[in-house]
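I opened this entry to look up a salt bridge and its surroundings, and then to follow a few other features of the fold.

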Amino acid sequence: MDNMITEANRVEQTMRNLTVVAEEATEAIAVVDRNWDLRFINTAWAKMHGYANSAELVGKPISMFHTEEQFGSDVSGFIEETKHRSYLEGPIWHMRSDGTTFATKTKMLALKDGQGNTSGLIFFVMDIDAISQAEELLRQRTAELKTANEHLQNKTAEIQRLESELHQYRNQLEQQRAELSAAHNEFQKQIAEQERVVNESQQHCDSVEQQINELVAAINKVVRFAESGTHSVYH
């Protein structure tokens, strides 16, 4: 009797330790005693099997989550094998509260007493359909991320191409500015040269005009002198 009490306390202690973390786990977790009655289940287990409250299930047999056929053909043998190996995992079908069945990936861990006898089991269960949905969602998200990454790479390549073209355009513009500046300077030189030539021509014209004026004045003198001499002869 004392041994049974000790092992019961061991299961209770295990249950208390599990409670701390099990309620936050997404994986369904259950603990059963040596009679395969539930001592603890987390919220994920209750929801997976269609129950709103996990507390109401404590004390009930683990077989309630399986059809009679499932439990007889698969679950009982799985439990016996776990007792020998201490740990076992594999696919097992479960039953929801509405009677529908679903495939799971189940892990069982045997709880041992001081003499090495199995005093209970811990179940870790994942819904294979949920896993498949999660994997499909992951594949979709991966494909979306791949598409988004390709789009980003294309945009990056386009930006780099535009930056390269802009750089080339800036270089061409700078070259054209330099050429325009050089042409402007040359034009200014030509204008200055033309102004110099014009000024020299103007000075030359002024000099010629002065000479012409002087020549005209001289001719006028000669004419006046000649006219004055002619008048003297006739008189």
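I looked up Asp-33 and found that it forms a salt bridge with Arg-39, with 3.9 Å between the closest N and O atoms; the term stands for a side-chain nitrogen of Lys or Arg within 4 Å of a carboxyl oxygen of Asp or Glu. This is a predicted model, in which local features need pLDDT of at least 70 and side-chain atom pairs count only at pLDDT 80 or more, while totals for chains, interfaces and linings use all residues. I also noted that residues are numbered from 1 along each chain as its sequence is written, and that side-chain values use heavy atoms, with hydrogens and water left out.

Is Asp-33 buried or exposed? I read a relative accessibility of 12%, so Asp-33 counts as buried (buried is under 20% relative accessible area, exposed over 50%, partly exposed in between, with a 1.4 Å probe and protein chains only). Asp-33 lies in strand E1, residues 28-33 (strands, E, of at least two residues and helices, H or I, of at least four are DSSP runs numbered from the N terminus). Its side chain reaches the backbone nitrogen of Asn-35 at 2.9 Å. Setting aside neighbours within four places in sequence, I listed Arg-39, Ser-119 and Gly-120 as being in contact with Asp-33, where contact means heavy atoms within 4.5 Å.

I then searched the whole structure, which gave 9 salt bridges. Side chains of opposite charge can pair when their charged atoms come close.

In helix H3 (residues 68-85), Lys-83 and Glu-80 are 3 residues apart and therefore separated by about one helical turn; they form a salt bridge whose closest N and O atoms are 3.4 Å apart. Lys-83 is partly exposed at 27% relative accessibility, and Glu-80 is partly exposed at 34%.

Arg-85 is exposed, at 53% relative accessible area, whereas Glu-81 counts as partly exposed at 31%. I next noted that salt bridges with shared partners join Glu-158, Arg-161 and Glu-165 into one network.

Last, I looked at strands E3 (residues 87-95) and E4 (residues 101-112), which run antiparallel and are joined by 9 bridges; strands pair if DSSP finds at least two bridges between them. His-94 stands opposite Phe-102 in E4. The two strands form a hairpin with 5 residues between them, and Gly-99 in the turn has a positive phi of about 95°.

Methods: A polar contact is a pair of N or O atoms within 3.5 Å; within protein, one must be able to donate a hydrogen and the other to accept it, and residues adjacent in sequence count only if both atoms are side-chain atoms.
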